[in-house]
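These are my notebook entries on a structure that I had not examined before. I set down what I looked up, in the order in which I looked it up.

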Amino acid sequence: MVRNKSALGIIFPNNYDSLVPELTSIRSMASIPFASRYRLIDFVLSSMVNAGIDNISVLAQSNYRSLMDHLGAGREWDLTRKNGGLTIWPPFAEKSMVTYKGRIDSLAHIMFFLEKQKEQYVILTDTNIAATFDFNAFIDAHIASGADVTVAYTIEEIPAPARAEKQMGREMYFTYKLDENSRVTKVSINSQEDGLQNFGMNIYCISREYLINMVKEEYVNGAVYLERDVLMKNLDTIHVQGYKFDGYYGRIHDMKSYLDENLRLLDDENLNALFANCPVYTKLRDDNPTRYITGAKAVNTMAADGCVIEGTVENCVLFRGVKIGKGAVVKNCVLMQDTVIGDGASVEYIITDKNAVISDGKSVKGSDSYPFYISKRHVI
Amino acid sequence: MGKEIVAMLLAGGQGSRLYALTQKLAKPAVPFGGKYRIIDFPISNCVNSGIDTVGVLTQYQPFVLNEYIGNGQPWDLDRLNGGIHVLPPYQKADGSDWYKGTANAIYQNIAFIERYDPKYVIILSGDQICKQDYADFLAFHKEKDAEFSVAVMEVPWDDASRFGLMVADENDKITEFQEKPKNPKSNLASMGIYIFNWDILKKYLEEDEADPDSENDFGNNIIPNLLKDNRRMYAYHFSGYWKDVGTIPSLWEANMEILDPEHSGINLFDDDWKIYSRNAGMTGHKIGSGAVVENSMITDGCRIDGTVQHSVLYAGVKVAPGAIVKDAVIMGGSVIKSGAVVEHCIVAENAVIGSNAKVGVQKDGESFGVATIGPGVYVGDDAVIGSNAMVRENVKDGEVQW
């Protein structure tokens, strides 16, 4: 893969936190466990590292303990570097502290940093989408189009949770109208339009110099959000170019999509497609291999290391160290790290957070449209 | 400040009785237990025992081992002061030497040990599967005010004459050493793990090197010399799981034993004594809709669509629909195609077993052995491999090998 040394990465780990309040009450969107042994941020971090981007900033807003624990010094992503590497920017804790809201005010906080970097381009991205993204192709497209800002989008119908009434005034989804050259002519927030749309992934490429000038100018004018306060008002003067992403991706908008996107990986075709472009790195735990004991019946299931399975498992994604007792029946579930399902217990359509316990013989059922969530260390 | 103890890990062994498995790699680099290599055990024991300075003496086919150990990061041994260092034989101003024997290997690296100015040196073997607390061993060594201690295992008296035996008094003081004797006076077998006071070790290494008749071996030369001089020598009793996986049957057996930790005593599910290894970086494993998995260990990257019973599968193994894997050890990256039946065998890394091939078939009148398929070997469709076969070369479609 061609190394692209000329871009630095900036990740917004808390964007869209409020979509999955259960999972983000103790963590950020970026550190939500996904696909049996990863966290969501692993996908974008690994994609960047594999594209040769090794100067990456994480602009943490809140609930970032689990994220800091996960990232450490960035060693697993090969980001423990003398030059560049991984930098986590939590808000400055003082009385007059104002935590960041949008991209513009967050970037204003690290202006001194951005100004002294050497990379020519900046990649901005959220973490609510699991995909292996080819950033080199993205940067090449940005250069080729001569645009000021390039934004990645997928073509899909606006998902129901994004259209829901309660969404108004909370998180913002962006859809774009493009001209025949894929230049963005209109940006809409939380559009209710039917049919296929150009749905924003919130992955941007901007030249560093342009970004610095834009943030400086617009911050003074009271701009907070890049999309709402800057881009959509100035589409005639700012050349915003659309970049269609047609690879595999899993986007998290609510608990149902979290369950669905995990279980969708049980299809080999999807699993292969998600990991097709590059290896994905993650923090290691050095568990032993998973053990299937006599009596175990596992079908259509993905599991990480360290599990001990004695019961029946069907259509599930199991994270590290999950224990499934004798005679237990587990169907259509996502069980996070160190979940224990007791002997003879029966569960269906549940999502358990880390270290949750379903006691022997207990039965818990959610439904495919509304999975039942059991919080961290909770014992049923 | 000096280090209290430095570990020297003998990892130059060829492991010639593992045949096809050690053609291209040293025995300590042989994969074991689903996601480990043999050397992960002594290295992890060091880290778990608080030893942070480890020299690894390599000689035979060191490439895989060198690359595997790297900077020691998987074992947390990338240290500023100490850490893990691979020590191959090297050229000196007055000529160069291969390591002539175990003692000579340490002798040639006296300068390495001196850099850390240790009080004690522990000599470890890189080809045993064992979870052992060396800190406890060192405490014993200090308590006895010993100059030399050796870890010993009690073995059945009938087997005793196969081992190097330590004869010790009621205070564990060693009075005699018998190397594979006809009439054993003891059943305490040496595990080949020694703690020396560094000044004593250095003195005896130098004297041994000066003796032109010496084989430069710990068992044959250094220990007898220590005994002759009435040094303070003690036997440290170890009773946990220990296995020298030097042969195909013993390697296979040790892999099968991890499937039954309740009886075999080798428990890899021990949060307080983790065995660390370099990670394959693959996704979680996948059990398909038509798969059957019973009493087996499966790790990252595996895709199981066939039947797997009582087997250990390493990272990235694929078992196609309709294939049967039973009592088998399948190492990393190997592929078992549809309809193949793979039983009672070891399949090394990156091998391919073709459709409807049979591996581990017992021939009438022959004993039931552990069939072995070498690394990267392609076994053709419909081929038949006998249970005592040692396959190093590709096997053509339909070919039969006993």
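**Entry 1: confidence.** I began with chain B of this predicted model. The mean pLDDT of chain B is 93, and 100% of its residues reach 70 or more. I noted the scores of the model as well: ipTM is 0.88 and pTM is 0.91.

**Entry 2: strands β4 and β5 of chain B.** I looked up how strand β4 (residues 53–57) of chain B is joined to strand β5 (residues 83–87) of chain B. The two run parallel, with five bridges between them. For L57(B) I found L87(B) as the bridge partner in β5(B). I then asked which helix forms a β-α-β unit with β4(B) and β5(B). It is helix α2 (residues 63–69) of chain B, and the unit is right-handed.

**Entry 3: the interface with chain A.** I turned next to the contacts between the chains. On the side of chain B, 37 residues touch 34 residues of chain A. The two chains bury about 2,900 Å² between them, and 44% of this area lies on carbon and sulfur atoms. I asked which residues of chain B lose the most area to chain A. They are F269(B), H285(B) and K286(B), which together account for 21% of what that side buries.

**Entry 4: polar links across the interface.** I recorded 23 residue pairs in polar contact between chain B and chain A, with both residues at pLDDT 80 or more. The rule finds six salt bridges across this interface. One that I looked up joins K286(B) to D268(A), with the closest N and O atoms 2.9 Å apart. I also noted which elements of chain B each supply at least two residues of the side that touches chain A: α9 (261–264), β16 (285–287), β17 (292–294) and β18 (296–298).

**Entry 5: strands around β23 of chain B.** I ended with strand β23 (residues 324–330) of chain B, which runs parallel to strand β20 (residues 307–309) of chain B and is joined to β20 by three bridges. Here Q309(B) has K326(B) as its bridge partner. Strand β21 (residues 312–313) of chain B also runs parallel to β23(B), with two bridges, and L313(B) is partnered by I330(B). Six bridges join β23(B) to strand β25 (residues 341–347) of chain B, again in parallel. In β25(B), I found E343(B) opposite K326(B).

How values were computed:
Residues are numbered from 1 along each chain as its sequence is written. Chains are lettered from A and ligands numbered from 1 in the order in which they are written. This is a predicted model: local features need pLDDT of at least 70, side-chain atom pairs count only at pLDDT 80 or more; totals for chains, interfaces and linings use all residues. Side-chain values use heavy atoms; hydrogens and water are left out. Two strands pair if DSSP finds at least two bridges between them. Helices (H or I, at least four residues) and strands (E, at least two) are DSSP runs, numbered from the N terminus. A crossover is right-handed if, with the strands pointing away from the viewer, the path from the first strand over the helix to the second runs clockwise. pLDDT is the predictor's confidence in each residue, from 0 to 100. Contact means heavy atoms within 4.5 Å. Buried area is the accessible area (1.4 Å probe) that two parts lose on being put together, summed over both. A salt bridge is a side-chain nitrogen of Lys or Arg within 4 Å of a carboxyl oxygen of Asp or Glu. A polar contact is a pair of N or O atoms within 3.5 Å; within protein, one must be able to donate a hydrogen and the other to accept it, and residues adjacent in sequence count only if both atoms are side-chain atoms.
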